[in-house]
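Colleague: I'd like to learn how to read a few structural features with you. Could you take me through them one by one?

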Amino acid sequence: MADRVSASIFIGGSLSASAYAELAALISDEGLSTEWDGEAFAPEHRAVGRPLNLYAHEVAWGRFGELESWCVERLVPFARWSGGYSGQWGPERVVHQGDGTLTSYATTEDDIVVIPQEVLETLGSFEATLAHFAAVDFTVPPLVVEGDLPQFGISTESTLDAEGLPHVE
């Protein structure tokens with residue numbers, strides 16, 4: 001049986017309508033909702049012009065495996081927080097800036113970023129420490145779906161969203 005904790009994920013980027021349908025099915029499979037203890041996610045729950053913020057309790061290993069893999073494969077940015085499981089792992093925030101790389105940062109149970117001593121020693125300078133905090137504070141862009149583009153003043157023929165990220169078909 002898997003160890004389970006609370007977790008949240010914020011997803012952004014630019015998707016075609018068919019890619020959003022795939023994403024919505026994965027979200028449904030994960031049992032996520034747009035608020036803690038809320039009703040199950042439905043595609044119409046997305047707030048246009050904002051990142052898609054999703055939450056769940058009892059998440060196996062604190063990860064949304066298939067959903068996160070789908071996002072990484074398609075370069076869709078996200079940030080995930082998960083609580084710790086005593087004696088197994090600590091709380092963390094994982095950031096994917098849409099570049100295919102996942103970076104994990106230690107946090108508290110309240111999602112406050114902390115820097116363990118060994119990481120601080122490797123960073124070596126105050127400037128590097130500030131850069132570390134800046135990287136973890138990645139702002140997930142709005143989740144823009146094909147039909148939303150005119151509302152943001154972008155041509156539907158565009159391959160970029162308002163943040164300059166690739167459009168996912």
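This is a predicted model: local features need pLDDT of at least 70, side-chain atom pairs count only at pLDDT 80 or more; totals for chains, interfaces and linings use all residues.

Colleague: Asp111 was among the residues nearest the centre. Where is the place of Asp111 in the chain?

Modeller: Asp111 is found in the loop between strand 6 (102–106) and helix 3 (117–123). Its backbone deserves a look too: phi of Asp111 is near 65°, a positive value in a residue other than glycine. With a relative accessible area of 28%, Asp111 falls between the 20% and 50% cut-offs, so it counts as partly exposed.

Colleague: Which other residue has a positive phi although it is not a glycine?

Modeller: Leu75 has one, with phi of about 60°. Leu75 sits in the loop between helix 2 and strand 4, and it is partly exposed at a relative accessible area of 33%.

Colleague: Let's turn to aromatic rings. How is a pair of aromatic rings described?

Modeller: By two quantities: the distance of the centres and the angle of the planes. The structure holds three aromatic pairs. In one of them, the ring centres of Phe10 and Tyr55 are 6.0 Å apart and the planes stand at 75°, so this pair is edge-to-face. The two partners come from distant parts of the chain, with Phe10 in strand 1 and Tyr55 in strand 3 (residues 52–60), 45 residues apart.

Colleague: What kind of pair do Tyr85 and Trp89 form?

Modeller: Tyr85 and Trp89 are stacked, at 5.5 Å centre to centre with 25° between the planes. Tyr85 is partly exposed, with a relative accessible area of 31%, and Trp89 is also partly exposed, with 23%.

Colleague: Which residues form an aromatic cluster?

Modeller: Phe10, Trp36 and Tyr55 come together in one cluster. A ring can also have a charge over it, as with Tyr20: the charged end of Arg46 sits over this ring, 5.2 Å from its centre.

Colleague: Now helices, please. Why do residues three or four places apart point the same way in an α-helix?

Modeller: Take helix 2 (residues 65–73), where Leu67, Glu68, Trp70 and Cys71 are buried. These four cover an arc of only 160° around the axis, which puts them on the same side of helix 2. The face turned away from that buried side carries the exposed residues Glu66 and Glu73.

Colleague: And which residues of helix 4 are buried?

Modeller: In helix 4 (residues 126–136), the buried residues are Thr129, His132 and Val136. They span an arc of only 55° around the axis, which places them on the same side of helix 4. Glu127 and Ala134 are exposed on the other side of helix 4.

Colleague: How many helices and strands does the whole chain have?

Modeller: There are four helices and eight strands, and from the N terminus on they run β-β-α-β-α-β-β-β-α-α-β-β. Of the 169 residues in the chain, 41% are buried.

Colleague: One last stop: where is the place of Gly147?

Modeller: Gly147 belongs to the loop between strand 7 (143–145) and strand 8 (167–168). It is exposed, with a relative accessible area of 65%. Along the chain, Gly147 and Leu15 are 132 residues apart, yet their C-alpha atoms are separated by 9.6 Å.

Technical notes. Residues are numbered from 1 along each chain as its sequence is written. Side-chain values use heavy atoms; hydrogens and water are left out. On a 1 Å grid over the protein atoms alone, a cavity is a set of points where a 1.4 Å probe fits but cannot get out, and a pocket is an open set with protein on both sides within 12 Å along at least five of seven lines; lining residues have an atom within 4 Å of a point. Rings of Phe, Tyr and Trp (its six-membered ring) pair if their centres lie within 6.5 Å; planes under 30 degrees apart count as stacked, over 60 as edge-to-face and the rest as tilted. Helices (H or I, at least four residues) and strands (E, at least two) are DSSP runs, numbered from the N terminus. Buried means under 20% relative accessible area, exposed over 50%, partly exposed in between (1.4 Å probe, protein chains only). A charge sits over a ring if NZ of Lys or CZ of Arg is within 6 Å of the ring centre and within 35 degrees of the ring normal. The arc is that of the directions from the helix axis to the C-beta atoms.
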